[in-house]
Each structure stands twice: as structure tokens, then as C-alpha cells.
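Open the model in your viewer and keep the selection panel handy.

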Amino acid sequence: MTVAFTFPGQGSQSVGMGKTLADEFTAARHVFEEVDDALGEKLSRTIWEGPEDQLQLTANTQPALMAVSLAVIRVLEAEGLDLKSDISYVAGHSLGEYSALCAAGTFSLADTARLLRIRGNAMQKAVPVGKGAMAAIIGLSFEDVEAVCKDASSAGVCEIANDNGGGQVVISGEKAGVEKGVALATDKGAKRALLLPVSAPFHSSLMAPAADAMEEALSEVRKGVPVVPVVANVRAEPVTDPEEIASLLVAQVTGRVRWRETVSWFAANEVETLYEIGAGKVLTGLARRIDRSVNGIAVGGPEDIDGVLKAIKG
């Protein structure tokens, strides 16, 4: 059985995530402690107790989701999983790519937490609040949304940020451009076209200052060869060279998350099961809509651990 691990991105967070795992497994608890130490604050308290508005801050959400994903990984490894021999590929949605790379050994846990704190802060600062926007377009083809963005750009920057698959495409850019994109998509027959409650226009060219910040931050951390290939967001194919991985992470800040193509690549390369490692079930739902030949399974709590190990280890 060919298996890949996928790691969720922003939008999968919720207060209390990872708490039962940390209560039950020492390996999970140590992950949260190490992330707290790396950041010099009790992020774990915010993750488990809130308040929700603090968890929703991009600079907190990104390392928090990574911590939950890595807690699951460390528990699986403590219970007998060997990523190198048991898993064929890893991939993550946006910030989840950092979780995937940490799981595969490219970055240490402490460095990953610090990188994501830098990334979250840099993305927040790149564009003044209120200038940017993002919107989800449901029920139009990728090509139709591309055409919408081209027409909407007359009002301001409007670009595809996430090609999530299953008829879901997210656009990003200047507020006026995105609002025009929503109106044009509705006219084109989109089932839904709605502005998202986000604080910045992620994965658009407006994020260029954040890309510069990440290039500098990534140049200063140790990067190892991942024990399994990572299917990169902006390329939708596997990479293993540490310097190439770093350059793709920089490109990812302003580039499109090609998740539909990523899942299709898995399906074309005999991956039968995608385990979503961490909080929520967003990627599992997307996998089901993109290609039904791929089985998606969410792994986030203590109750999921035994089933995964039995399925993978036999």
C-alpha cells in the first residue's frame, strides 16, 4: 500500500485542538513544550484555552497548527511508525508544507516554530489591514476563475491563491479587485462567491515583502534532506534538495497553492491513502472531491492512532 501524509493549513484551527493527545501521550506533550520554549511563550495555553481571537492571529495560528500535526507524528513514531520506510511522500497545504518538512526532518521542530512565527508576522505586516482581501469561488472551473481574475484586475490586484479542487478556488489581492472578482464570478454562474474572514491577501503578489522576510529567515536555518520526498505546493511534484525546498517555500508566499494538482499527482503515482495529520478534516474532504480513487483519512486524536498503525504496519 502506497501512503502519503498531508498536513493542514490555516482554517483548520480550533481552540482545544491537540489537548487530548497531549493528555494521553508524553511524546505529544513534549512537542507542545518544545514549541513553547522555541517561541518563549505559552502558545500551548492559547491553543488549548483560547481566547479564540488570539488563536486566530496568523502569527499564532501557523505555529499552533504545526504543533498539533507534529504531536500526532511524534505519537505515531513513539508507537512504532518509521516515516522513512512506512510513508512514500509528504505534502502540506500552505503553512502545512512546513509541518510536512519538519515531520520529514528537513527542519527541526524549534526552527519550524520560529519560521512560522516569522512567516505569520511577515504576512500580516505585508499589507495594511483593509487593503487586501480573499474570496472563495465555488462551482466554477479553474479556467473560468482565471478569466474572472484577469477581468477583475482592472479594479486592483486579483489572483488565484489556492486551487483547492472540487470546484473550490480561492482568489486574493487588493480589496477592490477581489470584490470585482466576486461579482464577476457570480455573474458567471458560481454557486457561491464570498469574501473570507482573513486578515491579509495570502498567496498573492502583494505578499512580496513577506517572501523577502522568509528568504532571509530560511537562509539562516539548518536544512536537511527530507527522509521522504515532499510534494511542493507551487510545483505539485516531489522535491528532496534542501536548497530547492527553501526557494520553493519563498515562492510559496506569493505563489499559488496547487492542491488539486497535488492530489491528482498522488493518484497518478499509485498513492492509495492520504492521511491528514493534525487538526480538522479539510484536506480529507478535498481529496474525496478531487479524486475518489484516493482514500482520505483524518488523524488528529488518540482514538485515531491504533487504526493508522494497524493499517500501515499491518
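Show the whole chain as a cartoon. This predicted model has 15 helices and ten strands. Its radius of gyration is 19 Å, close to the 20 Å that the globule rule gives for 314 residues, so the chain is as compact as a globular protein of that length. Along the principal axes, the C-alpha atoms fill a box of roughly 55 × 45 × 35 Å.

Of the 314 residues, 55% count as buried. Among contacts with a separation of 6 or more, 75% join residues 24 or more positions apart.

Next, select residues 26-39, helix α2, and residues 58-78, helix α5. How do the two axes cross? They come within 8 Å and cross at roughly 145°. The crossing is right-handed.

On the α2 side, pick A27, A28, V31, F32, V35 and L39. They meet P63, M66, A67, V68, L70, A71, R74, V75 and A78 of α5. By class, this contact has 14 nonpolar residues, no polar ones and one charged residue.

Last stop: select residues 158-165, strand β4, and find N162 in it. Is N162 buried or exposed? N162 is buried, because its relative accessible area is 10%, and the cut-off for buried is under 20%. Show what surrounds N162. Beyond its neighbours within four places in sequence, N162 is in contact with H93, Q168, V169, V170, H203, R256 and V257.

Notes: Residues are numbered from 1 along each chain as its sequence is written. This is a predicted model: local features need pLDDT of at least 70, side-chain atom pairs count only at pLDDT 80 or more; totals for chains, interfaces and linings use all residues. Side-chain values use heavy atoms; hydrogens and water are left out. Helices (H or I, at least four residues) and strands (E, at least two) are DSSP runs, numbered from the N terminus. Buried means under 20% relative accessible area, exposed over 50%, partly exposed in between (1.4 Å probe, protein chains only). Contact means heavy atoms within 4.5 Å. Axes are lines fitted to C-alpha atoms, for helices over the stretch in contact, and angles run from 0 to 180 degrees between N-to-C directions. A crossing is left-handed if the near helix is turned anticlockwise from the far one by less than a right angle, and right-handed if clockwise. Ala, Val, Leu, Ile, Met, Phe, Trp, Tyr, Cys and Pro count as nonpolar, Asp, Glu, Lys and Arg as charged, and the others, Gly among them, as polar. The radius of gyration is taken over C-alpha atoms; the globule rule is 2.2 Å times the number of residues to the power 0.38.
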